[in-house]
Amino acid sequence: PGFETVANSSSDLSQGCQPCKKKSYSSTPDKRCQPCPSGLTTEAIQSINESKCTICDLQCHHGGQCEIKFALSGPYGACRCSFPYHGSRCQHNTLSVVLPAVLVPLIAIALLVVAIRYMWSKNKAISSQHVKLLNDAREELHELVQATHIERDDLKVIRVLAEGSLGTVSLAHWISRDREVAIKAVNMERLRLDSDEGIATLNDEINFLRSLRHRNIVGYEGIVVGHEESFLVLEYCQNGSLTSVLETFPNLTEAVRSRFMFDIG
C-alpha cells in the first residue's frame with residue numbers, strides 16, 4: 001500500500017513501484033494511486049488510504065480560509081470567504097455586483113429629488129416676483145386714483161351715449177364744476193383687479209388718457225372708484241367723435257379729410 005506500479009521505461013515492459021505523491025493514496029500495490037477528494041491533500045507521500053487526505057489544499061483569495069467540510073459522499077475542501085467576497089476561491093466581490101444594482105436607482109432618485117427641489121425653488125422665486133409685480137401695479141393704480149379721484153355724488157348721469165371696451169359711456173353733469181362730462185363705466189368684476197392683466201388694462205387706459213394733451217383729443221378729467229363699478233371721467237365732445245363724423249358724411253372732400261388729419265397731428 002502507498003505505491004503504484006509503473007513501467008521502468010518505454011522499451012522495458014518490466015514493472016516497478018513508486019510511492020503515491022501528495023494529494024493521492026493507494027490501499028493496494030496492484031492499483032494506481034487515487035486522488036484525494038476535491039480540495040484535500042495528504043501530509044506526506046506514500047499515503048495508504050483516503051483517511052490520510054486531511055489537509056485543505058485550496059488557494060483562497062482575499063483573506064479566505066480553507067476548511068474541511070463533510071457531505072454524504074465524504075469530506076471535501078472549501079473556502080470560507082470573508083465579507084464581501086464569495087466564490088469557490090473567494091475571487092468575486094459581492095459589492096461589485098450589489099452596489100451598481102443599488103447605487104444606480106439611488107442616484108436616479110437623488111437626481112430626481114434635486115430636479116424637483118430646483119423646479120420648486122425656481123417656481124417659488126417666480127411666484128414671489130409675480131406677487132411683487134402685482135403689488136407694484138396695485139400701488140401704481142392706487143396712486144393714479146388718488147391723484148385724480150372724483151366723488152360719485154359729484155356726478156349726475158343724464159343719458160347713455162355708447163358702449164365702450166370696458167363698459168357703458170354716459171353723459172353726466174359734473175356738479176362742482178357745473179359742466180357736462182362723459183363717464184366711462186368700468187365693470188370691476190369683469191376687469192379682474194386681482195390679476196396682472198386686469199390691473200395692467202386699467203393702468204394703461206388711465207396713463208394713456210392722462211398723457212393725451214391735445215385740443216382735438218378727448219381729455220382725461222379723473223376717476224370715480226366703486227366696489228362693483230368705477231367710472232373714468234372724460235371730456236365731453238358734444239359734436240361726437242371724428243369716427244362718427246366720417247360715418248355720417250362719407251363723401252367729404254380730400255381737403256376736408258386732410259384738415260382733420262392735420263388737426264390731430
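**Burial, pocket and strands**

Guide: Of the 265 residues in the chain, 27% are buried, where buried means under 20% relative accessible area, exposed means over 50%, and partly exposed lies in between, with a 1.4 Å probe and protein chains only. This is a predicted model, in which local features need pLDDT of at least 70 and side-chain atom pairs count only at pLDDT 80 or more, while totals for chains, interfaces and linings use all residues. Residues are numbered from 1 along each chain as its sequence is written, and side-chain values use heavy atoms, with hydrogens and water left out.

Visitor: How many helices and strands does the chain have?

Guide: Helices (H or I, at least four residues) and strands (E, at least two) are taken as DSSP runs and numbered from the N terminus. On that basis the chain has 5 helices and 15 strands.

Visitor: What volume of space lies in the largest pocket?

Guide: A pocket is an open set of points on a 1 Å grid over the protein atoms alone, with protein on both sides within 12 Å along at least five of seven lines, whereas a cavity is a set where a 1.4 Å probe fits but cannot get out; lining residues have an atom within 4 Å of a point. Grid points are joined across faces, edges and corners, and the volume is the space filled by probe spheres set on the points. For the largest pocket this space is about 990 Å³.

Visitor: Which element supplies the largest share of the lining of the largest pocket?

Guide: The lining comprises 27 residues, with Val218, Cys237, Gly240, Ser241 and Leu242 nearest the centre of the pocket. At least two lining residues come from each of several elements, including helix H3 (196-211), helix H4 (242-248) and strand S11 (155-163). The largest share, 4 residues, is that of S11.

Visitor: How many residues of the lining of the largest pocket are charged?

Guide: Ala, Val, Leu, Ile, Met, Phe, Trp, Tyr, Cys and Pro count as nonpolar, Asp, Glu, Lys and Arg as charged, and the others, Gly among them, as polar. The lining divides into 14 nonpolar and 6 polar residues, while the number of charged residues is 7.

Visitor: Why is strand S12 largely enclosed by the rest of the structure?

Guide: Strand S12 pairs with S11 in the antiparallel sense over 7 bridges, pairing being assigned if DSSP finds at least two bridges between two strands. Within this pair, valine 157 stands opposite alanine 172 in S12. Strand S12 (residues 168-174) is largely enclosed because the number of its 7 residues that are buried is 5.

Visitor: Is serine 170 buried or exposed?

Guide: Serine 170 lies in strand S12. Leaving aside neighbours within four places in sequence, serine 170 is in contact (heavy atoms within 4.5 Å) with Val157, Arg159, Val160, Leu161, Val181, Ala182 and Ile183. With a relative accessible area of 9%, serine 170 counts as buried.

Visitor: Which residue is the bridge partner of isoleucine 223 in S15?

Guide: Strand S14 (residues 220-224) has 4 of its 5 residues buried, so it is largely enclosed by the rest of the structure, and S15 is mostly covered, with 5 of its 7 residues buried. The two strands run antiparallel and are joined by 4 bridges, with glycine 222 opposite valine 233 in S15. The partner of isoleucine 223 is leucine 232.

Visitor: What distance separates the C-alpha atoms of isoleucine 206 and tyrosine 220?

Guide: Isoleucine 206 lies in helix H3 and, at 0% relative accessibility, counts as buried. Tyrosine 220 is 14 residues apart from isoleucine 206 along the chain, and their C-alpha atoms are separated by 8.0 Å.

Visitor: What is the phi of histidine 62?

Guide: Histidine 62 lies in the loop between S6 and strand S7 (65-71), where it is partly exposed, with a relative accessible area of 43%. Its phi is positive although the residue is other than glycine, and the value is near 55°.
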